[in-house]
Amino acid sequence: APATTTVPASAVHFGPMRVSKSVYGYRQKAKLTGKLLDKCELDQPMKPHSFDTCGLWLDPPSALRDALEERGDAFARGGLHAAEHLLLSLAPLAVSCSVFDLGCQCTRRKGDEHAERLLLFERISGGAGIAAELGPKLGDLLAAAHRRLLACDCGRPGGCPGCIQIARCGEYNEGLSRQACDIVLRWSLGMEWESHLPPLPAKPDAKGDGETPMLKGDASETETAERLCLVCGEG
């Protein structure tokens, strides 16, 4: 059964889990430039590769998700995934491990059972005790992650390798959000986070044609197809 400790805002659970990796599609890229040409779905997902290991997770409240999403920011893919990247990068500061010993959820597809959890798992089949050692120290690690985020002055909404991007991300660091990550980490540390939310988007004019005004910086790229998806994959 999972063990439990706490961080300022939530219970932290750590224990056995099963990790499954599935391929749902592929990318077409130009050979010379590497430019993305298309994202293609498979007719049927490939049979998942699964292994038993150990991990840890915490469950943010739905109010946090709703507050970000009504402002057009991605809660799971933008905030949780970015926070997981920071924790992966800094985990060796808290426990004896390599940055390659731990993994996190990659693509969070609609309907994924654990999509809205902040979750890390050991990439070693059977586990090596890293999650159990890290659980009681997660509060300190979250604080270090928040300091790293605030110290980075890249100014990029999607971050950089100095903050929320990592080289081995199965999602190619797409969709990450420094802003959402900051909110998630503030919540986890028991800090006040509501005043750090961006303003709500403008509502459509009742006398207008029904179109919602687009504020500068509100636009987000719409994906035409799903990318390579790891249900509970690395990075």
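Which residues does Ile164 touch, not counting residues up to four places away in sequence? In this predicted model, Ile164 is in contact with Ala82, His85, Leu86, Leu149, Gly158, Gly159, Asn173, Leu176, Ser177, Arg178 and Cys181, once residues up to four places away in sequence are set aside. Ile164 also belongs to the largest nonpolar core, which has 49 residues.

**Nonpolar cores**
- Within the largest nonpolar core, the residues that touch the most other members are Leu58, Leu87, Leu138, Leu142, Ile164, Cys181 and Leu185.
- Helix H2 supplies the largest share of this core, with 9 residues.
- Another core, of 6 residues, lies apart from the largest one and includes Met17, Val19, Trp57 and Leu119.

**Helix H2**
- Helix H2 covers residues 75-90 and thus has 16 residues.
- From the first C-alpha of H2 to its last, the helix reaches 21 Å, close to the 22 Å expected at 1.5 Å a residue.
- H2 is mostly covered, as 14 of its 16 residues are buried.

**Cysteines**
- The count of disulfides in the model is 0.
- A disulfide is a covalent bond between the sulfur atoms of two cysteines.
- The cysteine sulfur closest to that of Cys106 is in Cys169, at 4.9 Å; because a disulfide requires sulfur atoms within 2.5 Å, this separation is too far for a bond.
- Cys106 is buried, with a relative accessible area of 3%.
- Cys97 is buried as well, with a relative accessible area of 16%.

Technical notes. Residues are numbered from 1 along each chain as its sequence is written. This is a predicted model: local features need pLDDT of at least 70, side-chain atom pairs count only at pLDDT 80 or more; totals for chains, interfaces and linings use all residues. Side-chain values use heavy atoms; hydrogens and water are left out. Buried means under 20% relative accessible area, exposed over 50%, partly exposed in between (1.4 Å probe, protein chains only). Helices (H or I, at least four residues) and strands (E, at least two) are DSSP runs, numbered from the N terminus. The expected span of a helix is 1.5 Å times one less than its number of residues. A nonpolar core is a set of buried Ala, Val, Leu, Ile, Met, Phe, Trp, Tyr and Cys residues joined through side-chain atoms within 4.5 Å. Contact means heavy atoms within 4.5 Å.
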